[in-house]
Amino acid sequence: MTTSEGEQGGGAGARTPGGGGAPRPEERLERAVRAAEQALIEFEIAVETFRVEVENFSRLHEQKLGPMYARLEELDARILEARAARTGDPEDRRRADEARARLMPIPGVEELLNGWMDGDGLFPEATAMLTDQPVRPPQRVRPSEEARKLYRDLARKAHPDLAQEEKERQRREEFITRVNAAYARGDEAELRELAEEWAAGPELKRAPSAADELYARLEWLARRKELLTLVAKELEESAIGAMLRLAPDDPDRLLEEIAEQLRAQMTEREAELAELLA
């Protein structure tokens, strides 16, 4: 971190001037910090890439399968209501009322269900989806190698923790927020523009780090890695993350298989309801 290129090139053989050939005390710490920083950046990129995939797959899952799940719940409620009307059993009526209550609108329900249904049932657009009308999926982003490289370089250069002053930290945090947003979209052009913007910005020189600062940096990197590990675990253990792991190379096929199963269940429910109403 504080070594010159000549010292870095000399590796373990670098010596302090006039030190009788003894290596600088901070040399090993600096190498450890550099290695930890690089490893953390790579880990952050991997976690961010997976987060983007989980987020996009979640939207596609919700858009394609959400109306089917809603239709199944509606059919279940109607089946229970028809059974209660036929039997007159108070317990059947209680189950039917509970099922219908779960489908009743609540404040903000349209936002929660993305406009699929209200108290009167499915919207026409949702019904169209259930009749095999093609659904336009949201764009699924898989950052390219060039985007990964640009993101890696920018994260290395502009990381807020490289700042020595609070004002500079704020500038870096705002900049990295824009970098993360561009990377989430896989926008190579914007990442290049951000790289040019950063290169043209003020160049701040870091004062040589003392040993205690190097230790503090290593401790921060360790804490950051622990946090990212928890984020990665949460993503992997989520329902959508688990689905992605089942079919990492072709998640769209997995969605279609689930949709086929849901169509079969709807057919069964509709037949059962028709029999009860006959």
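Is tyrosine 183 buried or exposed? I looked this up before anything else. Tyrosine 183 has 0% relative accessibility, so I list it as buried. The model I am reading is a predicted one.

**Aromatic pairs**

I searched the whole structure for aromatic pairs and got 2. One of them joins tyrosine 151 and tyrosine 183. The ring centres are 4.3 Å apart and the planes stand at 25 degrees, and I note the pair as stacked. Tyrosine 151 sits in helix α6 (residues 145–158). Tyrosine 183 sits in helix α7 (residues 166–185). Tyrosine 151 has a relative accessible area of 7% and is buried.

Next I took the pair of phenylalanine 175 and tryptophan 198. Here the centres lie 5.0 Å apart, with 40 degrees between the planes, and the pair is tilted. Phenylalanine 175 belongs to helix α7, while tryptophan 198 belongs to helix α8 (residues 188–200), so this pair ties together parts 23 residues apart in sequence. I find phenylalanine 175 buried and tryptophan 198 buried as well.

**Arginine 217**

Which helix holds arginine 217? I place it in helix α9 (residues 211–237). Its relative accessibility is 11%, so I record arginine 217 as buried; the cut-off is under 20%. I then listed its contacts, leaving aside neighbours within four places in sequence. Arginine 217 is in contact with Val33, Glu37, Asp161 and Leu162. I also looked at alanine 36. Arginine 217 and alanine 36 are 181 residues apart in sequence, yet their C-alpha atoms are 9.5 Å apart in space.

**Aspartate 92**

I found aspartate 92 in helix α3 (residues 90–103). Aspartate 92 is buried, at 12% relative accessibility. What does aspartate 92 touch, not counting residues up to four places away in sequence? I noted Leu80, Arg83, Ala84 and Thr87.

**Helices α2 and α11**

My last entry is a helix crossing. Helix α2 (residues 27–87) and helix α11 (residues 251–277) have axes that come within 9 Å and cross at roughly 15 degrees. That angle makes α2 roughly parallel to α11, because angles under 35 degrees count as such. I sorted the residues of this contact by class. The contact of α2 with α11 has 18 nonpolar, 2 polar and 13 charged residues. I logged the crossing of α2 and α11 as left-handed.

Terms used: Residues numbered from 1 in each chain as written. Predicted model: local features only at pLDDT ≥ 70, side-chain atom pairs only at ≥ 80, totals over all residues. Heavy atoms only, no water. Helix = DSSP H or I, 4+ residues; strand = E, 2+ residues; numbered from the N terminus. Buried < 20%, exposed > 50% of the residue type's maximum accessible area, 1.4 Å probe, protein only. Contact = heavy atoms within 4.5 Å. Axes fitted to C-alpha atoms, helices over the stretch in contact; angles between N-to-C directions. Parallel < 35°, antiparallel > 145°, perpendicular 65-115°, else oblique. Left-handed = near helix turned anticlockwise from the far one by under 90°. Nonpolar A, V, L, I, M, F, W, Y, C, P; charged D, E, K, R; others polar. Phe/Tyr/Trp six-rings, centres within 6.5 Å; stacked < 30°, edge-to-face > 60°.
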